[in-house]
Amino acid sequence: MIKKIAILGSTGSIGTQALDVIRAFPSHFQVSVLTASNNADQLILQALEFKPKIVVIVNESHYLYVKTSLQCLSTEVLCGREALQAAVELEEIDVVLNAVVGSAGLYPTVNAIRHGKDIALANKETLVVAGELVVDLVKKHGVKLLPVDSEHSAIFQCLTGEELNPIEKIYLTASGGPFRGRDCSFLKNVTREQALKHPNWSMGAKITIDSASLMNKGLEVIEAKWLFDLDADKIDVVVHPQSIVHSIVQFQDGSMKAQMGLPDMKLPIQYALTYPARLLNSFPRFDFMNYGSLTFEKPDLDTFRNLKMAYQALREGGNRACVLNAANEIVVDAFLNLEISFLGMSDIIEETLCQVKNNTKLHLDDYIAYDSESRIVARDLINKSKK
Ligand code: NAD
Ligand code: MG
């Protein structure tokens, strides 16, 4: 049976690679919905190729252009944030692949779950902001939550067939980013261009900066907690600069399973869409002879404070991870706009966590409110730091 897929954030790094996967398997998948924030031209080209039922351009100023350009199709063209949330309700959709960046992905994920759709989740911020709520909803509505993030896909693949066996520990691998092995005196002066040069992966700007600051690994530790129901003590991070071992599960008998492959996001995207089956593809294969050694080292939590702060947020619970994530989205934006320094990002996140009070027993609206409050606090701190 053909799976009908909604791709939220189809013009991004994950979104376009998801379309590569879908293009490779025309008899398995069909695109029902495509959405983008701003890139109208690319969205139009995608719609002309895949002929979805619904297209959403979130930025309303592009609406008329997209609508006119797609007049030749029977596609419904919508705009705005509400339309992004509503599009996932379309009856025919089997899987919603959420490849939006940032906490903007939360509402569409929640709405898709409430409408009984399986979720292929690239948008890790959904689980960082409101993991407890999302996981409860997944259970309540009996849908699948399939990880797309490569580390979490690796763990998920290692756990297949191990449903009855408790996990002793998981090891999330981290490339270490472009500044691996550097100290604070070096990091003080790094530029946006240096931070945007990831050694192994080509990704969207926000996750590339998060990888350089190790916030990405911090967000992934929190993501792993909710996906695999693990305490912080059972989630370890190991730096593996070659990005071939995508992550490792250790069981109670001391046995460890790792999932390996080339650093290519099409593989975890494909697995999330075909699970539990594996389909033959023609993507490049790993060759041991190209990699003389695979190495592992400890992350430097004193230099890369973001990872330490993420662990602390996870241990403290309540709204901490939501605040951490919102502040991070603001500082990454500010760093990309040359408003603050690389190390200034961690200072502002830390101060935002101090200024926004913790709270537990949170509903969806509370998460959204803390997300907004933290953005305002972080933005204000940035403005003050520039004076
Ligand atoms: P990207 O910036 O390349 O693309 C983001 C997509 O989301 C675009 O289509 C954009 O139009 C849309 N978008 C942006 N802001 C939006 C908003 N406010 N509302 C609605 N749509 C919006 O990002 P990416 O690198 O593809 O990452 C997407 C998600 O996947 C992130 O959560 C990221 O952490 C995660 N992820 C990415 C990779 C990767 O290799 N790129 C790997 C693992 C996880
Ligand atoms: Mg990852």
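**Entry 1: the model and its domains**

I noted before anything else that this is a predicted model. I then looked up how the protein chain is divided, and I found domain 1 (3–147), domain 2 (163–261 + 293–315) and domain 3 (317–387). For domain 1 and domain 2 I looked up the separation of their centres, taken over C-alpha atoms, and wrote down 27 Å. The contact between these domains takes twelve residues from domain 1 and eleven residues from domain 2.

I next asked which elements supply the side of domain 1 that touches domain 2. Both α6 (125–141) and β7 (145–147) supply at least two residues each, and the largest share, five residues, comes from α6. When I sorted this side of domain 1 by class, I listed seven nonpolar residues, four polar residues and one charged residue.

**Entry 2: around ligand 1**

How many residues surround ligand 1? I recorded 29 residues, and the closest are Gly9, Gly12, Ser37, Met203 and Gly204. By class, the shell around ligand 1 holds 13 nonpolar, twelve polar and four charged residues.

I also wanted to know which domains the shell draws on, and I found at least three residues from each of domain 1 (3–147) and domain 2 (163–261 + 293–315). Among the helices, α1 (13–24) and α10 (205–213) each supply at least two residues of the shell around ligand 1, and α1 gives the most, with three residues.

**Entry 3: helices α11 and α13**

Before looking at this pair I reminded myself that two packed helices are described by the angle between their axes and the distance between the axes. For helix α11 (residues 215–228) and helix α13 (residues 305–316), I noted that the axes come within 7 Å and cross at roughly 25°. Because angles under 35 degrees count as roughly parallel, I wrote down that α11 is roughly parallel to α13.

Is the crossing left-handed or right-handed? I recorded that α11 passes α13 in a right-handed crossing.

Finally, I looked up which residues meet in this pair, and on the α11 side I listed Met215, Lys217, Gly218, Leu219, Val221, Ile222 and Lys225. On the α13 side they meet Asn306, Leu307, Met309, Ala310, Tyr311 and Leu314. By class, the contact of α11 with α13 has nine nonpolar, two polar and two charged residues.

How values were computed
Residues numbered from 1 in each chain as written. Chains lettered and ligands numbered in written order. Predicted model: local features only at pLDDT ≥ 70, side-chain atom pairs only at ≥ 80, totals over all residues. Near = placed C-beta within 6 Å. Helix = DSSP H or I, 4+ residues; strand = E, 2+ residues; numbered from the N terminus. Nonpolar A, V, L, I, M, F, W, Y, C, P; charged D, E, K, R; others polar. Domains from an automatic or database assignment. Axes fitted to C-alpha atoms, helices over the stretch in contact; angles between N-to-C directions. Parallel < 35°, antiparallel > 145°, perpendicular 65-115°, else oblique. Left-handed = near helix turned anticlockwise from the far one by under 90°. Contact = placed C-beta atoms within 7 Å.
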